[in-house]
Amino acid sequence: MSVLLIAEHDNSQLRPATLNAATAAAQLGEVTVLVAGRDCATVAEAASVIDGITKVLLADAEIYEHGLAENVAPLVCGLTNSVTHILAPATTMGKNLLPRIAALLDVGQISDVIEIKGQDTFVRPIYAGNALACVRTLDPVKVLSVRTTAFDAAVTRSSFAPVEKVGPGPASDRVAFVSRQLTVSERPELTAARVVVSGGRGLASQENFHLVERLADLLGGAVGASRAAVDSGYAPNDCQVGQTGKVVAPELYVAVGISGAIQHLAGMKDSKVIVAINKDDEAPIFQVADYGLVEDLFTALPQLIEEFEKGSA
Amino acid sequence: MKILAAVKRVVDYNVRIRVASDESGVETNGVKMSMNPFDEIAVEAGVQLKEAGIAAELVVVSIGPAACQETLKTALAMGADRALLVETEVEVQPLAAATAIKAIVEREAPDLVLLGKQAIDDDSNQTGQMLAALLDWPQGTFASGLNIADGKATVTREIDGGLETLLLTLPAVVSTDLRLNTPRYATLPNIMKAKKKPIERSTPEELGIDIRPRQKMLSVSEPPVRTGGVMVASAAELVDKLRNAAKVIP
Ligand SMILES: Cc1cc2nc3c(=O)[nH]c(=O)nc-3n(C[C@H](O)[C@H](O)[C@H](O)COP(=O)(O)OP(=O)(O)OC[C@H]3O[C@@H](n4cnc5c(N)ncnc54)[C@H](O)[C@@H]3O)c2cc1C
Ligand SMILES: Nc1ncnc2c1ncn2[C@@H]1O[C@H](COP(=O)(O)O)[C@@H](O)[C@H]1O
């Protein structure tokens, strides 16, 4: 079996999500990694030391700088001779690109794979994770997006796999990159953080949301948010945890002022330890919490912050 | 210009779904069905473009059983002009939906196709991207901003790190994210008016397309349930538990 894994990166660094997808890929066969970007040789080098990788394909050209699906998809399709599986992490990048590849190859796609049962059989969550579907694909090429929280990150090794240059393929003249506004943060990346502290509508304002950020910082964690908190402008969109946001599974997830709608639970219920702080003792979040505290968050959060400030002093 | 929006009939987002005891799927008997919430956002975006005088016509399409007419009626009541049903009893997977929508695009020749970014039943997040590939059109997925001018669409996209803006030359495919707009409710007078708007029916056979599933559902099971935890009385007790019982903080 010959597996093509599409690396995610920003032209200088390999994104950790690629390492989780690499673990899934290695369960299927011999893995080749594709790095498509511009001036991204360092990424290819980082990919070449992922354990289990046999080869890296490097497509280094201006048309791949911003990872536009219109340009990357035909490139990938030109590399699929004898490829049995095409994988990418189920990030916004993978979600944008993979279905375009699948359709060009006239095959279906299996999204958010959480378990590999065999070469053609996979488990994936449906209905916001309230059911798990075991599906068998009948297609000759299997296109899979990988839920990163379900697979450990692949380790790196000291030897390098060979890097081979490919492309460039055709480019679309009907799409142009305009700009990107990235949230700058010193905090660990949400989907890879060991601790996540998330705030919901209960925080009631953007100023108050700093309490969540303060606690996250004291715990060395990332900041998450419910949809309501993002919609209200308390937190940026890329903080949204849930069915239609990011899926996280940290060692510790602290939900503050979040009711626990199924769409939110879908993004965090696989966390190892869940803490819920809510003044409503009937909030559904308590049904999944390992430790629940029924209290006004404006009392509880400052107390917690003080406890940890003591500890870190 | 003309806009086509795709609307899917799904189990309402408020329903607590149950897995069938024979693991064949999810119980849908007697369950409330609604328009996929992301598709409401797509329809709303289309209606707003009409109201702004940018679009002349908004057509909506759904692929599925006869009951999808209910979903189409909702879209008509929100302000769509015409509706198309591609009727089938077969399970419609994303590639099949994209194939059917492509056939409709070839008949209707819209300048813009709006879809939801994700159907909340299969959670696939594929159809829009697949449609764009089949048509060889540019795609603006997960849109939280959409501006149409001079035959181009400026699309702001929600991505993992923040936001990204692309400029697409029409015709193009755009899939909607939660923050693009707040869909309106269909008012009673509009629901009455919508009854007079046409719903045109066709079948995959008539369209000459193959929409057979590419994937076979072997089983649908319950996810592992979390066992209820303990309640603590104070922040101090919580810290103690996290340190000494759960050992997740130093
Ligand atoms: C298509 C679709 C997709 C969605 N996707 C997502 C998603 O990805 N992620 C997501 O999170 N949601 C998602 N949602 C929204 C979801 O259904 C809920 O509306 C949302 O999660 C609610 O956010 P919340 O818990 O912050 O707000 P609320 O439900 O309003 O809860 C606020 C909570 O704060 C508590 N509270 C208030 N004040 C205080 C206080 N002073 N002290 C302590 N507690 C207090 C209240 O008791 C309440 O439980 C989606 C919805 C739809 C329709
Ligand atoms: N059977 C269908 N009928 C109409 N639209 C659909 C159908 N399936 C998917 N779509 C559209 O494609 C979007 C994404 O669906 P999915 O790829 O299944 O997550 C939905 O929000 C709809 O706009």
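Ligand 1 is surrounded by residues from chains A and B, so its site is shared between the chains, a residue being counted as near a molecule or strand if one of its heavy atoms lies within 4 Å of it. The model is a predicted one, in which local features need pLDDT of at least 70 and side-chain atom pairs count only at pLDDT 80 or more, whereas totals for chains, interfaces and linings use all residues. Residues are numbered from 1 along each chain as its sequence is written, chains are lettered from A and ligands numbered from 1 in the order in which they are written, and side-chain values use heavy atoms, with hydrogens and water left out.

The surroundings of ligand 1 comprise 29 residues, of which Arg201(A), Ser226(A), Thr244(A), Ser259(A) and Asn278(A) are the closest. Polar contacts are taken as pairs of N or O atoms within 3.5 Å; within protein, one atom must be able to donate a hydrogen and the other to accept it, and residues adjacent in sequence count only if both atoms are side-chain atoms. An oxygen atom of ligand 1 lies 2.6 Å from a polar side-chain atom of Arg201(A). The side chain of Thr244(A) places an N or O atom 2.7 Å from a nitrogen atom of ligand 1, and a polar side-chain atom of Asp296(A) lies 3.2 Å from a nitrogen atom of this ligand.

Around ligand 2 there are 20 residues, and those that come nearest are Asp39(B), Ile63(B), Ala119(B), Asn125(B) and Thr127(B). In the side chain of Thr127(B), an N or O atom is 2.7 Å from an oxygen atom of ligand 2. Backbone atoms also take part: a polar backbone atom of Ala6(B) is 2.9 Å from an oxygen atom of the ligand, and a backbone N or O atom of Ser124(B) lies 3.5 Å from an oxygen atom of ligand 2.

Thr127(B) also belongs to a helix contact, in which Pro94(B), Leu95(B), Ala97(B), Ala98(B), Thr99(B), Ile101(B), Lys102(B) and Val105(B) of α3(B) meet Thr127(B), Met130(B), Leu131(B), Leu134(B) and Leu135(B) of α4(B), contact meaning heavy atoms within 4.5 Å. By class, this contact of α3(B) with α4(B) has ten nonpolar, two polar and one charged residues, where Ala, Val, Leu, Ile, Met, Phe, Trp, Tyr, Cys and Pro count as nonpolar, Asp, Glu, Lys and Arg as charged, and the others, Gly among them, as polar. Helices (H or I, at least four residues) and strands (E, at least two) are DSSP runs, numbered from the N terminus. The axes of α3 (residues 94-108) and α4 (residues 127-135) of chain B come within 8 Å and cross at roughly 50°, which makes α3(B) oblique to α4(B). Axes are lines fitted to C-alpha atoms, for helices over the stretch in contact, and angles run from 0 to 180 degrees between N-to-C directions; angles under 35 degrees count as roughly parallel, over 145 as roughly antiparallel, 65 to 115 as roughly perpendicular and the rest as oblique.

In chain A, helix α3 (residues 69-77) and helix α4 (residues 92-104) pack at an angle of about 50°, with their axes 9 Å apart, and are therefore oblique to each other.

Two cis peptide bonds were examined in turn. One joins Gly167(A) and Pro168(A), with omega about -5°, and Pro168(A) is found in the loop between β10 (163-165) and β11 (175-182) of chain A. Another joins Leu170(B) and Pro171(B), with omega about 5°, Pro171(B) being in the loop between β9 (162-169) and β10 (172-176) of chain B.
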